[in-house]
Amino acid sequence: MPSINAIVTGDSLSDFGDGLDIQLGGRKHVSRDDVARRLRPLLDLPVELVLPADGEPSDRAALERVRS
């Protein structure tokens with residue numbers, strides 16, 4: 001959502017009460033590190049707001065923490 005510098009995530013990023021984090025949801029073909037690496041291009045965007053599929057909205061800092 002470029003007009004408000006927001007991204008809407010799928011199930012890979014969710015907040016189930018402990019803050020935004022990577023959720024593998026039983027997927028065996030990828031690791032947490034694989035997903036984190038694939039999220040790297042999002043940090044090149046002017047993201048200010050992260051709207052996860054589950055949980056509370058987060059900010060850029062939360063996205064950066066997930067990536068580390």
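This is a predicted model: local features need pLDDT of at least 70, side-chain atom pairs count only at pLDDT 80 or more; totals for chains, interfaces and linings use all residues.
I take buried as under 20% relative accessible area, exposed as over 50%, and partly exposed as in between (1.4 Å probe, protein chains only). I number residues from 1 along each chain as its sequence is written, and side-chain values use heavy atoms, without hydrogens and water.

Entry 1: I looked up Met1, which lies in the segment before β1 (6-8); strands are DSSP runs of E with at least two residues, and helices are runs of H or I with at least four. Met1 counts as partly exposed because its relative accessibility is 48%.

**Entry 2: core.** I found 14 residues in the largest nonpolar core, a core being a set of buried Ala, Val, Leu, Ile, Met, Phe, Trp, Tyr and Cys residues joined through side-chain atoms within 4.5 Å. Those touching the most other members include Leu13, Leu39 and Val66. At least two residues of this core come from each of α1 (32-39) and α2 (60-67). Leaving aside residues up to four places away in sequence, I list Leu13, Ile22, Val66 and Arg67 as contacts of Leu39 (heavy atoms within 4.5 Å).

**Entry 3: sheet.** I read an open sheet of 3 strands in the order β1-β4-β5, with mixed pairing; two strands pair if DSSP finds at least two bridges between them. β1 and β5 (58-59) are at the edges with a single partner strand each, so one side of each has no neighbour in the sheet. β4 (residues 49-51) pairs with β5 in the antiparallel sense over 2 bridges. I noted Asp59 in β5 as the bridge partner of Leu49.
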